[in-house]
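Here is a short briefing on one protein model. The points are grouped by topic.

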Amino acid sequence: NGMHRWSTKLSTNQTILYQEYSDVAINREIQRQQGKEPGHEEDGSDGTPSPSNLSPSSSFRSSRGSAFALWQDIPDVRSSGQLDNFSNEERKLQEAKFELVTSEASYIRSLTIAVDHFMLSQELAECLGTQDKQWLFSKLPDVKDVSERFLQDLEHRLEEDILRFDVCDIVLHHCPALRRVYLPYVTNQAYQEQTYQRLLQENPRFHSVLSRLEEDPICQRLPLTSFLILPFQRITRLKMLVENILKRTTPGSRDEDTATKAFNELKKIIKECNSSVQSMKRMEELIHLNKKIHFEGKIFPMISQSRWLVKHGELLEVDTQMMNISGSKLKFPTKPVYLHLFNDCLLLSRRKDTWKFMVFVHAKIGELKVKDLSQKLQGISGFIFHLQLCEGQQLKHQILLKSNTESAKQRWITAMFPSDPLEDIEQASENVQCIKSYKAQEHDELTLEKADILHAKTITGDGWVEGIRLSDGERGWFPKTYIEEITSRSARLRNLRENIRIKCVTQKL
């Protein structure tokens with residue numbers, strides 16, 4: 001039975017959970033993008049593998065010491081006598097395909113724990129209402145079923161031809177099913193988080209049952225939350241795995257064709273997931289703000305499908321009418337002003353209490369003018385800019401605004417006057433990569449995953465960076481401490497080359 005010959009090899013390590021695989025894969029990617037790939041330098045130019053990188057097993061271990069199965073270590077592959085007929089690139093291509101299969105197997109191992117150990121726990125069910133249970137786990141069993149069918153097809157393919165198998169046509173074939181289960185699961189994630197937080201705070205029984213379940217050795221000290229976010233991590237990782245396969249295919253080959261199509265479909269699914277989550281959050285936010293923002297005597301329809309909040313926060317208004325001279329120094333009084341910047345308009349208001357804003361002036365986005373004044377004003381400390389709100393050609397209101405940090409001022413100006421994305425890419429010189437994941441705290445920030453490659457557009461003196469992510473063109477701010485520069489020129493060029501190739505093949509479609 002050919003199946004058993006290699007599948008025992010595939011699951012060399014029955015215990016590797018997806019969370020552990022994921023950490024290793026990301027750290028390897030960071031190394032590769034920096035140009036520190038193990039065995040990278042020793043490649044013979046004629047493509048003959050050098051002894052040192054024949055078996056990269058040594059480099060593919062996790063911090064827990066688990067070794068990951070490699071295609072070239074499968075007994076059937078070793079004993080086929082065919083390995084020498086593979087160039088180094090072809091080997092790397094088969095390894096990249098094999099990793100898609102082994103990682104899917106470890107993903108299913110983690111999903112099985114999420115479903116059998118947590119979701120189906122009698123004890124947990126007893127302290128949860130049906131609605132909460134539904135919000136917390138949503139359609140996890142469906143996600144697992146779809147993945148199991150996907151893995152079955154992948155394993156079957158390996159059985160047929162362990163040496164020259166392709167996986168991307170199978171990925172493509174399963175995309176509609178993946179979309180069907182991932183879209184609702186990921187869209188529900190916001191409710192999932194809220195439900196989890198609420199249960200922890202309000203349901204002591206839930207807390208104690210959960211802690212006990214999490215302590216079971218089967219979980220390998222991983223919390224329930226790390227299992228619940230797996231689907232979203234997996235769909236993004238699948239895209240990256242297919243992208244890695246695509247990078248290694250021969251231009252013009254059938255492999256390239258199937259990889260390109262699968263990559264594009266996965267990208268679409270992820271984009272749909274993201275925008276579904278986003279539009280849901282945006283709508284909820286507008287409904288919430290509508291209760292808090294009041295217009296004096298004006299009717300302003302706040303809620304609209306095409307409007308969303310871009311940035312909000314408090315700045316100080318400098319009152320230039322009321323200067324006083326203390327000693328020999330000029331002093332200007334300030335008072336707080338609150339800004340709500342939407343994609344189509346800006347509202348300036350005074351805060352009446354925590355939950356109430358009285359708007360005193362507003363303008364359309366296209367009718368704002370700004371002057372950055374930090375260097376020029378005597379008697380005013382802090383970071384200053386001058387804002388004019390117009391109506392038609394008429395000046396309606398002007399105000400001098402002050403922030404406490406350089407980055408706060410920069411971020412406000414950038415948010416009000418976003419530059420053209422095409423120019424951005426041309427101007428951006430620094431190529432950086434994310435070394436620890438960052439969760440956006442404000443609207444104009446960018447959530448980063450480890451190994452994201454970005455163009456750094458602006459770097460402020462107080463350590464904030466405005467960047468554009470290469471893979472999807474998303475832009476936003478993040479702290480400088482989360483990224484490192486890609487110093488090796490050859491690594492920078494290769495990253496760029498790969499990015500351009502992916503863009504070109506996907507555009508051909």
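**Sheet**

Strand S13 (residues 464-469) is joined to S14 by 5 bridges, and the two run antiparallel. The model is predicted.

- Glutamate 466 sits opposite tryptophan 477 of S14.
- The open sheet has 5 strands in the order S14-S13-S12-S11-S15, with antiparallel pairing.
- Strands S14 (475-479) and S15 (483-485) are the edges; each has a single partner strand, so one side of each is left without a neighbour in the sheet.
- From one strand to the next, the twist averages 45°.

**Nonpolar cores**

- The largest nonpolar core holds 82 residues. Trp71, Leu100, Phe118, Phe137, Phe206 and Phe227 touch the most other members.
- Helix H4 (residues 88-119) gives the most to this core, 14 residues.
- A second, separate core has 18 residues, including Leu346, Leu348, Leu389 and Ile399.
- Beyond its neighbours within four places in sequence, phenylalanine 227 contacts Leu17, Gln19, Ser110, Ile113, Ala114, Phe118, Cys219 and Leu222.
- In soluble globular proteins, nonpolar side chains tend to be buried together.

**Helix pair H12 and H16**

- The axes of H12 (residues 230-248) and H16 (residues 489-508) come within 10 Å and cross at roughly 95°.
- H12 is therefore roughly perpendicular to H16.
- H12 makes the contact through Glu243, Leu246 and Lys247, and H16 through Glu498, Arg501, Ile502 and Val505.
- By class, this contact of H12 with H16 has 3 nonpolar, no polar and 4 charged residues.

Notes: Residues are numbered from 1 along each chain as its sequence is written. This is a predicted model: local features need pLDDT of at least 70, side-chain atom pairs count only at pLDDT 80 or more; totals for chains, interfaces and linings use all residues. Side-chain values use heavy atoms; hydrogens and water are left out. A nonpolar core is a set of buried Ala, Val, Leu, Ile, Met, Phe, Trp, Tyr and Cys residues joined through side-chain atoms within 4.5 Å. Buried means under 20% relative accessible area, exposed over 50%, partly exposed in between (1.4 Å probe, protein chains only). Helices (H or I, at least four residues) and strands (E, at least two) are DSSP runs, numbered from the N terminus. Contact means heavy atoms within 4.5 Å. Two strands pair if DSSP finds at least two bridges between them. Axes are lines fitted to C-alpha atoms, for helices over the stretch in contact, and angles run from 0 to 180 degrees between N-to-C directions. Angles under 35 degrees count as roughly parallel, over 145 as roughly antiparallel, 65 to 115 as roughly perpendicular and the rest as oblique. Ala, Val, Leu, Ile, Met, Phe, Trp, Tyr, Cys and Pro count as nonpolar, Asp, Glu, Lys and Arg as charged, and the others, Gly among them, as polar.
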